[in-house]
Amino acid sequence: MPDIRSLDVRDEIMNLSYEPAVNLGDVVKGSAPGFIGDPVEFFGRTHVTDSMKSLVIKAFMNLLGIKSVTVSGKQYNVSSSLILLPSDLGGGKTHSLILLYHIFKLVNQSGEKDDAVSKLEILDKDIAELVSRYWEKIKSIAPKIVVADCRYSDLAPGPARPIRIAGREIKTLWGYLGYELGKYEVVEKADSMGTAPYVDDLLAVLDGSRAIVLIDEIGRYYDMSGLEPTKVSVFLMNLAEALSKYTVREVAVVISVPYDVEEKRVEAGAGMEYIHKPELVRAINKVLNRPNVEIVKPVRRFDLAEILQKRIFRASNTELDQFATEFISRELSREYPVQVRKVLDDRGFWREVRKTYPFHPMFLNVLEKLSYGLGYLQKTRDAIKIAVQTVLALKEGLFDALEDEISLVMPYHIPIFVSETLDETILRNAPNEYLVFNLILKNNVVIPHNFTKLKKLGKEGFYKEVIARELRNLKEDEMKLGVKLASIIWLHSLIGLGLPMNIGDYPTTIDLIYSVSPTDQDVKGVLNILRSILPQLIIHGEPDSDTTRWFFTRIPSIDDLIDILKKNVTDEMAKDKLAEFLEWGLLGKKGRGRPPKEWRKGSTVFSSSVVVKSVRSVPGEVSGLRDPVLVVFADIVPGDELLGLLKGRNNLIALAPSVIGVSEMDQLAPEDIAGIRELAGLEGKSVWDGLLEILRYYIATEHISEANLKSFVGDIVGKGEEEYLKDLLELLKNKVDSKKDYFYKNTWNMINRSYRRVYYHRLGRVFSEEGVSLESDKPIPVIVEEFLRDKKLIPEEFKGTNIESIVKNYLNKDPKKDPIGIGELWTFILSTDKAKVPLVAYKDFINAVKDLIKSMDYAVRIDGEVLWKPIFKSEVEAETTDEGSKLVGLIAEYLRRLGKSWDDVQLVYWENVFDEWLNKVTSSIPDNKVLKIKDRSGRILDIRDVKFSLKDTIKSGKLFYEEKKYPVEIKLNIPEEMLEGKEYVINAEITVKNFDEEFNVKLIPDNGLSVEPREFKGRSPLSVGFKIRAEKAGDYQVAVKVHSGDFNLDSRVISIPVKGEWIEKTLVIGDKGESVDDDARVVAIIGEEINHLAEISRVAKSFPGSITGKLTLSGEAGVLSLNIDTDNADLLELTEGHINSIRNSLKMKTADVYIEYAPSGELRIRDITSVFVNPKGLKVKFKVKAGGSS
Amino acid sequence: MTDSKNPLYTLTFTARKRRRPYNRYSGILRTHRFYIEYYRLLDGQKPLEVIEKSEPLIAFPVRFKEFALEFARELGGEVIGNRRIEIARSGTYYDKHVIVLPNEIAFRRHLLFTLTVSTYRNLGEARFNSLKNIMLAMNANLLNIMSTMAIDRYNELRITGKPTWMWYMLRVARALKVLYRLD
């Protein structure tokens, strides 16, 4: 299957001398070009349509006097010897008359039957067969051929231009007929007087004349002959009457009529009434009203393909058939998109194209619509002309830029970008209203150039100079398809004049897909692009529907209106609109109204977000929020203002197009400028400028009201065309909507480009992170949150360990020593500029705190109250419930009751408050309960009995209460100090509640401790006394079992510490004497000089204790006496600090000092020695173990 | 603007301590709540003196005072005083603007605006713009009715001493929101 460009075309096509306006007169006179004047050449180029065939056959039948004949199975009947050939200009009438002329001349001239038949077979087999069948009869008749071509005076004389032959002056058509048929005398009178001939005269001339009379261009005869129109009309009427008589034989008259016939009434086509007079229409109407007139329409629409094939291409029918088969089998093996495949199958493309090859069925369709729809074109003639120019343009390679391989002549191949074609064919003779389509063509489809220039352009040149500006920026594939589609739409719009009322003339989406098929491109997709970029393209119907019709309209483009309105849009309005866009963006929805449910999913970190134009208008309600907040600026922000806003607010995140002094603004990228037509003038500007520009367009589009549109189209639509106006407005509204969509999309595009950075404050300056990418249908806070998570500003998870590390690293505190105030820590995270703290929500922060609490490493102090290990109600609960959650629950409950918040909570490392806590817990055990502990190994102990490694046991175990049925209470009076080797008497009172019977008490002491007696008996309350003695110091335990018979009431353990004996000694520092053991315990320090005050106060400050004594200073100014009795070392220090001033003021002479310090706990000598500076004369009382354990 | 020497209405903001801190906020709003106070001036009175000495015409808790300030400027209001008030022992402060409104209609527009704004939990630029446009274009008759209603409710409800009085007064603004389909 060859490429179309390689198909051979006929010579006259190549050298453009095919001039299809053939002329009967020229042929008769022999002055026609060879391919028309020579019968054989002419037959080769003629496609005999069915109606032409019937014309020829009927002419033969009339001549031969046969009323009915059957040729190759088809029966032909003829009812009149007059045959009318009606058609508009270029409809094939003249061609048919020339054909008749050639056939009869050939038959007349041929001596041999075979010779004539073989030549006729080139034309048509049926005609050849008929001639061969009646050869003898035809030859015997030897038909005369009378040609009256009204274009020429010598073939159709009138009074103005008579013919003078043999002394006669023939002044009329009827005179000419009479003369040619040898019966001039019959019509002589009518001829010479210039009156219409009678019916019987005409009958006499024509009946049996054995002639074929061909009359062409009768219309012109009215105007040129000089006869009154009525006379010509009467002649025609009489002629028709005469020839419709049944008896008329052996004559055939064929008249061409320049009008289309519908239901036997002629209609003056648009534009025709200017050429011919109304009389003609009337006359022909009369003629046609005769019942017996044969009307043969020479060319019908469906013959176009064959006519073009024959006229243009040299290849024979069989060759073309073969090519078509190859084409179909190749194309059928290819894969196409569903939309294309479906259209091809639905339209029966594969069957159709076999007939029309090498033309696409739609090409013929468009051609036909053009030649029939455009009143100023000649039907067959101009159709052929356009087709020829199309094929020539293809062969000249003008479409090489659009397509690599051309296997069909497609409708878009009509070369509308060749100015010659446009001016000389498609728009030739076009009335003014069509000329606006030149502009539409330039703005939306292609820019026409002359042929010579086009030849030189090349591919790139074609893209740059021929394709309309709007289409150039598309991707190459889309651009090519776009041009094709736009061409087709343009041609159709031309037919319908771009008026909505001619909606039927415009192609539907399906038509358009079919017109460019077979193709593997997404036609619908490209159509949708065209809709938004081509200014004058309008659709009628739903954009996605298959039946939507597409056309260009001659109203001014909406873009112009938008451009006008845009001038009134200020920057402020654009920024307001931007704020609106961003506010929609915060919700992540399109347009106004309640967002759909799924968009409710907000950010988990940002508690609030707000769009503002300037720092000044950030509401306090937002910037003062405790949780992280996102502030989106709808304007450029000055750096210092932003710093002012963010300073001390580590939880504020700002999103801004640009911050002056912090970040540079991005330039518009070339692809932005190329992709968005409206930005073309902004090269070198920033994306922010681009965004504002697009917003201005959006606002302008949004502001287009019905009133705007009405006044806009008002100039075009006149009064009384309300229906049209309504249609137009509807279409324009659709157009405006699609524009709005387009700007909406691009606004988001530019928002995405402009908002690339997120700003926040740390370490005293504004930081920014680049790379965030906003989308129109996802909430902005969510996008920013994800982005910041990527950048690690928001931690993956915020746990208890994070809090510990913040305290350690940023606050430089040791969480194991210093308490952590939750409120202060949160304030620190919110406001510090010393550390790069993470961005956390308060909820997450508190969860981390709870996490810490749950680990049991930290106890909680609220208003002095310490909360730590929870105590469960029972062992079962202790086993099943998590300790941490229980504690957190208790704290929450406690806070609620107190009306406090988590901010008031302090975390303290457990060891630091253990004793305090234990005291509180043990003192609050109810009488009827025992506090037990289940330790790590699962043993259950009474808490009172845990004596060794108490802290660890309690930390790792679980506490719970156990009900006592008979609570046993043991009151002991153990001496404060028990020394080894001494005997003590201990009295105890044992009470057992709810128990009236006698019970036994058994004491089981540890080894090394002797207890006498060991068993008691009695009723509650039982007072007992027993002796106790240990030979060696140590911690002893005595197990107490209270039982009644075998029933154990309670078991307890009493701890008894036994110390060694102490001996008190005194030493005066500075005196010589025996050395003192470092381990000796200090009992008291006594100072008797004034400078001892400093020493004692230093010791007292380091080791708390009581200070008592008296100080009397006397001097010239008087006496100062001071009694001291305090636990507060500061007081002594204060006194000591002022002692020198006092001495000076008193002019002191004597001082009487006695100050005694007694430590409150155990204090070793070695501890105080490091504190002393000048201890000389100090008396230190101390005690050592009696045994002198050193 | 009417004679600027003799302004008719003036407004200011005052922070009053909350009964208990509101933990949603971390700054001044945690412990304090802003009230807007409108005063009517008699002929020859000085705004700054009136604010010090007399009872306001209407006062209620206001939210988004930045927008209230901006709207006052838009109405032709003039900021005649701005003192920085330090809040004791908290290290926070606020700016106490004193604004003089040029005429009665401006006062009514502003009153209705702040009432409406105070019913929002979150307010952005776009919503502010639409509200602003509604207020600027509102028919004076409707404006009169609505604002008078608010002032009347204020006077009636304040003396009842119920802590919820402000909610009843703010219903005027909620009605407005329903009327103009604001959400």
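1. Helix 5 of chain B covers residues 125-137 in this predicted model. It has 13 residues and reaches 18 Å from its first C-alpha to its last. That is close to the 18 Å expected at 1.5 Å a residue, where the expected span is 1.5 Å times one less than the number of residues. Helices (H or I, at least four residues) and strands (E, at least two) are DSSP runs, numbered from the N terminus.

2. Which residues of helix 5 of chain B are buried? They are B:Glu125, B:Ala126, B:Phe128, B:Asn129, B:Leu131, B:Lys132, B:Ile134 and B:Met135. Buried means under 20% relative accessible area, exposed over 50%, and partly exposed in between (1.4 Å probe, protein chains only). An α-helix has 3.6 residues a turn, so residues three or four places apart point the same way.

3. The buried residues of helix 5 of chain B pack against elements of both chains. In chain A these are helix 30 (571-587) and strand 14 (608-612). In chain B they are helix 3 (65-74), helix 4 (104-117) and helix 7 (165-179).

4. Now chain B as a whole. It has seven helices and five strands. Along the sequence they run β-α-β-α-β-α-β-β-α-α-α-α. The radius of gyration of chain B is 16 Å, close to the 16 Å that the globule rule gives for 183 residues, so chain B is as compact as a globular protein of that length. The radius is taken over C-alpha atoms, and the rule is 2.2 Å times the number of residues to the power 0.38.

5. Buried residues make up 53% of the 183 residues in chain B. Take the contacts (heavy atoms within 4.5 Å) in chain B with a separation of 6 or more: residues 24 or more positions apart account for 66% of them.

6. Turn to chain A. A:Phe349 lies in helix 19 (residues 349-356). Is A:Phe349 buried or exposed? It counts as buried because its relative accessibility is 0%. Leaving aside neighbours within four places in sequence, its contacts include A:Phe327, A:Leu408 and A:Tyr514.

7. A:Val40 is found in helix 4 (residues 39-45) of chain A. At 27% relative accessibility, A:Val40 counts as partly exposed. Not counting residues up to four places away in sequence, A:Val40 touches A:Lys119 and A:Ile122. The C-alpha atoms of A:Val40 and A:Lys119 are separated by 6.4 Å, though the two are 79 residues apart along the chain.

8. A note on conventions. Residues are numbered from 1 along each chain as its sequence is written, and chains are lettered from A and ligands numbered from 1 in the order in which they are written. The model is predicted, so local features need pLDDT of at least 70, side-chain atom pairs count only at pLDDT 80 or more, and totals for chains, interfaces and linings use all residues, while side-chain values use heavy atoms, with hydrogens and water left out.
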